[in-house]
2 protein chains.
Amino acid sequence: MAKVLEPQIKDGQLLKIGQRVPKLDAWDKVQGRTQYIHDVKLPRMLYGKILWSKYAHAKIVSIDTTKAEKLPGVRAVITGYNTPEIRVGFIKDNPVLKKDKVRQYRDEVAAVAADTAEIAAEAVKLIDVVYEELPGVFDPEEAMQEGAPLIHEEKGSNVLKLPWKMLCGDVEEGRKKADFIVEENYTLPFVTHCCLGTSGCIAQFHANGNLTVYSPTQIRYLAQKDFQDAMKALGLKGKRVQVIQTAIGGGFGSKLDTYPFEFITILLAHYTGRPVKLVYTREEEFFASPGRQPVRAKISQGCTKEGKLTFRDVDMILDNGAYTSWGATTPSVMMMPISSLYQVENIRYVAKCVHTNNIYSTAMRGYGNPQATFAIESQIDTLAEKAGIDPWEFRMLNRNKPGEITPQRFEIGSCGMEECLVAVKEKLQWDEKRGKGNGRGVGISSLIHVGGGARIYKSDGTGTILKLDDYGKVTVLTSASDMGQGSDTVLAQIVAEELGVEIEDVEVIMKDTNLEIWDAGAHASRSTFVGGNSALYAARKAKEEILEFAAGMLKEPKESLYLRDRMVYSRNNAEVSMALDKLLRAIHFRTNGRQVVVSEFYDPPTVMLDREMKGNFSAAYTYGVHGVEVEVDQETGHIKILKYVIAMDVGRALNPMAVEGQLEGGCAQGLGYSLMEELQLDKGKVLNGNFLDYKILTFPDMPNIESVIVETIDEKGPFGAKGIGEPPLVGSAPAIANAVWDALGIRIRDLPITPERIVAALEAKKGS
Amino acid sequence: MAKVLEPQIKDGQLLKIGQRVPKLDAWDKVQGRTQYIHDVKLPRMLYGKILWSKYAHAKIVSIDTTKAEKLPGVRAVITGYNTPEIRVGFIKDNPVLKKDKVRQYRDEVAAVAADTAEIAAEAVKLIDVVYEELPGVFDPEEAMQEGAPLIHEEKGSNVLKLPWKMLCGDVEEGRKKADFIVEENYTLPFVTHCCLGTSGCIAQFHANGNLTVYSPTQIRYLAQKDFQDAMKALGLKGKRVQVIQTAIGGGFGSKLDTYPFEFITILLAHYTGRPVKLVYTREEEFFASPGRQPVRAKISQGCTKEGKLTFRDVDMILDNGAYTSWGATTPSVMMMPISSLYQVENIRYVAKCVHTNNIYSTAMRGYGNPQATFAIESQIDTLAEKAGIDPWEFRMLNRNKPGEITPQRFEIGSCGMEECLVAVKEKLQWDEKRGKGNGRGVGISSLIHVGGGARIYKSDGTGTILKLDDYGKVTVLTSASDMGQGSDTVLAQIVAEELGVEIEDVEVIMKDTNLEIWDAGAHASRSTFVGGNSALYAARKAKEEILEFAAGMLKEPKESLYLRDRMVYSRNNAEVSMALDKLLRAIHFRTNGRQVVVSEFYDPPTVMLDREMKGNFSAAYTYGVHGVEVEVDQETGHIKILKYVIAMDVGRALNPMAVEGQLEGGCAQGLGYSLMEELQLDKGKVLNGNFLDYKILTFPDMPNIESVIVETIDEKGPFGAKGIGEPPLVGSAPAIANAVWDALGIRIRDLPITPERIVAALEAKKGS
């Protein structure tokens, strides 16, 4: 069982950590007080609108903006021809306003700023663009072929030059050692984040040339850096860029990059000299905010007759779309389950990202992990079946263990994989329910994910400035980003615990690059771990300062003092105590007085992946197991979820209610990915870009999720916690596919597992 | 001449200090972007309105709110009878909603919160109050008499129990030594601040019971403390109060206290559960925001036949109005010129603050100093005349000098009084213009004021949090309050100078008790001195940290390195240099990296006045001289200002444009006080509460002000600067009264010096 270490708990029982604390922003949200980008209004603000491409691939022959410019209320009409070139994206291959040619339907051809959103919408319709259509390519494998239309002529190929290759051990040797080998193909569709708050921003220039951008971004410091490019293009190099983060109405990775619309808004603000707001409609959100990249995976694994994995060999092709955002880097995270889910020595992995004239993709919760895990974990069942071993036993046999170093050189610290497997087996009544067939079946799937940040950038740090006032109230300026996951609440709990105050005494402020210290952004499930440690260490510094002073004042050794219940107490002497606020006023109101203010920058002890894509890039790893019991209607192909269990090693559940929220929310998104979600494109054009045609899970669709929280008290995490924002999504699809196999003996290798696919598979099975 | 010390300048010439920098908030103000309290809107916000007393003094027999409550859109109607008692003011003698009786026309009898301001205004009219009128008293001397109506029965007397008494040396001895003695009476009227932004605030309770108040207060931390009283009354003790300072549309001391309207707004927010905004109309601003207290002064001074002052003896009576705000403490500042303007050993001062049924007073620019200086400096001329000495020579003879310790134990450091006297004499052509009579004359007046804070509270400190980002941009979180005086701009200059960056690189943030460290508020001309030192020392800490790292990186001794032009340079080696932003990124992006963040709390080396009202309560003192040439129309009594000179010892002019702004603005307010302003009350009721009847100087009235900036480079001030917010107002009235004497031989001892008073004095002179 998991080792329980409590290195940071010194004053007895935890009071705030482990409590079910409702999210601090919940009341504001339900009362309509939260200010989303949609609600922010600045004096003299204009409204921006983009003219999108009419073709998936075409030459731009001419753009005539005369009519639009004449419309009363129009303040600026911009195109690639009357603005300096700014290129965005991971490899800067995306000009924010297109000249010469368009490469996808979401290409930005022109934009307008006007007095009202209505006038702006009217004005873009008045812009005349003459195109000359070009042949397009919409399938990544076709795009790889000789003679395929080139999306970016200057690149010479549609295949991206990115180093997605990993070799560990010797796969050929592993094949030789295998008694059983399975090779299969899996495909995963284009899905999108479906944030309830559509994308948008406001840009405003100040008289001194400095720029402020209001944005619900997940990465305000990286966005700040990106926006510097616009400043350079506008001849404003050296000026200051401030990013103010408005409340995020859903992120899930979609706001992990900057996009042309933000730069267009900056350009419009620059040319009009007024603040400009640009917010997507729901229709725009569907086709012009990037989703999760479609993947085709070829995977083979082998094992000995005892069931030990001997090798894993994976080839992938990703549809990169027309431009390159963070989506193209998801293979770096796919490597994680490929290298480190179960003990397997010999690994080969090659992935190609291929340009097409489809709309492009970005990061999405799990960041490639769900795609890779679907292939691996579906095949584990196939392989176990071939080897004649119970799939649960097979997993136990190959499970990861605390303290191991994986072939990719991940240093696994705490690891609750065994506990998760045992818990799910029990809750699912695995032994009783399994192998009955006839439309009912059970399936499981394990997962690994980073839980201690992920060094994808030179710094993976988060800053905290913490101050206490005369009343014992605490302000935490954190650079972590709460996008709904509840990190603010958890930071308040951590600080309240450490300083012995109430959670309501702690105000967590996160919003403004001018205010807070740098941060790498909300991604890789890192906010609680990295931001939490940053807040914890800041609180500890403040505590040291307070106890140091208290020791002198109360004439007690500092080591004997502790903070609790808004008081300072002595362990040695029950008579000695003092109210914290009184103590803080004593620190303040004296000669050379001060208020207690500290700052902390916590950067986890990790390294970036080296050229071989190896190295310990996270300070902790989380493990989990999904388990599901399904009943499949053999007539309609409809899948009913009878039971859903998720067991997650979270290190420590700082706020069990928030953990459950993440587990249930992740499963909801995972179930959508597994069963119904797919952004359908016809020659690059989105066909189902609305909530009527693109189905996500709603309350009636949602099964009860049974959450099992496994605590392994990670040595490096704040109070032992690990990040768990993404993993609850990762295991759904393979668990369901495995349950369907158990129910009917059909193997669905293409997501989503729709009734149509079930019926087709059943018919194919009958036919064979 | 003044000693010029430059202890803090080490890297050669100053680049940002001494520059004429336009105020950083100027563009936002002229472009209409500044958010005053009037502009702030919160979701679901209600509007509050107060019902004022109908009498100056009356029993409240009954209040019937039934009709008001029934008006659609009304959300709450509160009175002293359905709310807990909260008392405000310097001695907490002012219940925010009056029960049993009213004591002035501005008494708050009831209040309403409604969906719109119009409904709220309508609703207060529907409240029926039955009063029983009581005899009132409106003259402080009558109020002191036996049998006068008592304003607060429980106090037993209308005279406040405040210790306004100071004795230095032996006045009787001083009288004996005097060859010439003059005794006179002076009176000063009720005037008001005339802020262009009327008073107002917004209160909002959060779901956890914490309170946020938006307010254009000058004292957000002291206001925060006051608002805790409301929390206690509401059973919310221990909850957090946050004060967010909105842009201040004029302060001048009027926003140095909290007032019933703010607590009423808090009560309305509490009972409705919604944010409530309450903003005064212009009419309310005139009668319901407190002004400067009327004073009656009896003063006598004596001198030897050589012209050396031998004693000063002053009695004052202040009309305190119905309640006690900071106005009642202005005698503590009146003591400053009485004890320390000119060298005089033997001093006696007694002041009485007396309750009347007039509306009450608070702090106003100069804080009692203008009243005392009018009496002293008018009489200096009278005394000099009696002694047969030129008034300028008389002043030179008795002038204060650097390094002296005054009878009140003020430690005068830098002192440019001599330079100011010399400069004004020359600019005014004193010798040529003086003594000509026949309607033209010249007059001068000296002044002293605190220039290094004033310890009226246990702490006189200001906090700064300063951070630098990856681009060399600086954020300064200051707790100083910029209410239009330009302190933000000066803080940016100080920090830019010290860190070798551009002023546009520095963002000064001051607004929120949750964000910044404690501060004693914007008063006593302290923001540049105390806030400036706080910012300077913070910047110096940051510089140390940066140079420390740079020394290691550039392999140069730290002492040889300096920051300038966004670069680090070496004095030893011209080849060595590095861009600041690059250096900061090197500090950040490495193992154990960090961003540079520092905090500072600067509390000046001063003491509170002791029981004898003595002690060095400011870290520096400013001196100045006003000089004026007038032409008086002997028919109409109209005074034309032919020339106006002000010479001020400012320590160092950090921003000469801002200094001139203060000098000219102060003179404008001083001229209004001298010549035209008076809030006229009839039995406690304001008669001229609007800008048609209450005259302030407008552009056509304004003479050209010739400013002479004397720099004495104070050892303790930031880059040598001293505070000069208030003193430019102090010397106007006596300089004009003295010029009128020189012009016509009439002595006006009652402000304002209106044409009517001139004509009456001329007639009296003729008659005698």
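Me: Which residues touch the most other members of the largest nonpolar core?

Reply: This is a predicted model, where local features need pLDDT of at least 70, side-chain atom pairs count only at pLDDT 80 or more, and totals for chains, interfaces and linings use all residues. Residues are numbered from 1 along each chain as its sequence is written, while chains are lettered from A and ligands numbered from 1 in the order in which they are written. A nonpolar core here is a set of buried Ala, Val, Leu, Ile, Met, Phe, Trp, Tyr and Cys residues joined through C-beta atoms within 7 Å, and buried means 20 or more other C-beta atoms within 10 Å of the residue's own, against 12 or fewer for exposed and in between for partly exposed, with C-beta atoms placed from the backbone. The largest core has 489 residues, and the ones touching the most other members are A:Val112, A:Val495, A:Val740, B:Val112, B:Val495 and B:Val740.

Me: Leaving aside neighbours within four places in sequence, what is A:Val740 in contact with?

Reply: Contact means that the C-beta atoms of two residues, placed from the backbone, lie within 7 Å. With neighbours within four places left out, the partners of A:Val740 are A:Gly441, A:Val630, A:Val632, A:Ile639, A:Ile746, A:Ile748 and A:Ile753.

Me: Where does A:Pro752 lie, given a cis peptide bond from A:Leu751?

Reply: Most residues other than glycine have a negative phi, and most peptide bonds are trans. The bond from A:Leu751 to A:Pro752 is cis, with omega near -10°. Helices (H or I, at least four residues) and strands (E, at least two) are DSSP runs, numbered from the N terminus, and A:Pro752 sits in the loop between helix H19 (732–744) and helix H20 (755–767) of chain A.

Me: Is B:Asn592 buried or exposed?

Reply: B:Asn592 has a positive phi near 55° without being a glycine. Its place is the loop between helix H16 (580–588) and strand S25 (597–602) of chain B. With 8 other C-beta atoms within 10 Å, B:Asn592 counts as exposed.

Me: How many residues of H10(A) are buried?

Reply: Helix H10 (residues 369–387) of chain A has 19 residues and spans 26 Å from first C-alpha to last, close to the expected 27 Å, which is 1.5 Å times one less than its number of residues. Just after H10(A) comes A:Gly388, with a positive phi of about 70°. The helix is mostly covered, and of its 19 residues the buried ones number 15.

Me: What is the radius of gyration of chain A?

Reply: Chain A comes to 20 helices and 30 strands. The globule rule (2.2 Å times the number of residues to the power 0.38, with the radius taken over C-alpha atoms) gives 27 Å for 768 residues, so chain A is as compact as a globular protein of that length, with a radius of gyration of 27 Å.

Me: Which elements give two or more residues to the side of chain A that touches chain B?

Reply: The contact involves 35 residues of chain A and 35 residues of chain B. The elements giving two or more residues to chain A's side are strand S19 (462–468) and strand S25 (597–602) of chain A.

Me: Which C-alpha of chain A is nearest the axis?

Reply: Copies are superposed by least squares on the C-alpha atoms of residues with pLDDT of at least 70 in both. A rotation of 180° with 0.0 Å of shift along its axis puts chain A on chain B (RMSD 0.0 Å), and that is the relation of a two-fold axis. At 4.0 Å from the axis, the nearest C-alpha in chain A belongs to A:Val598.
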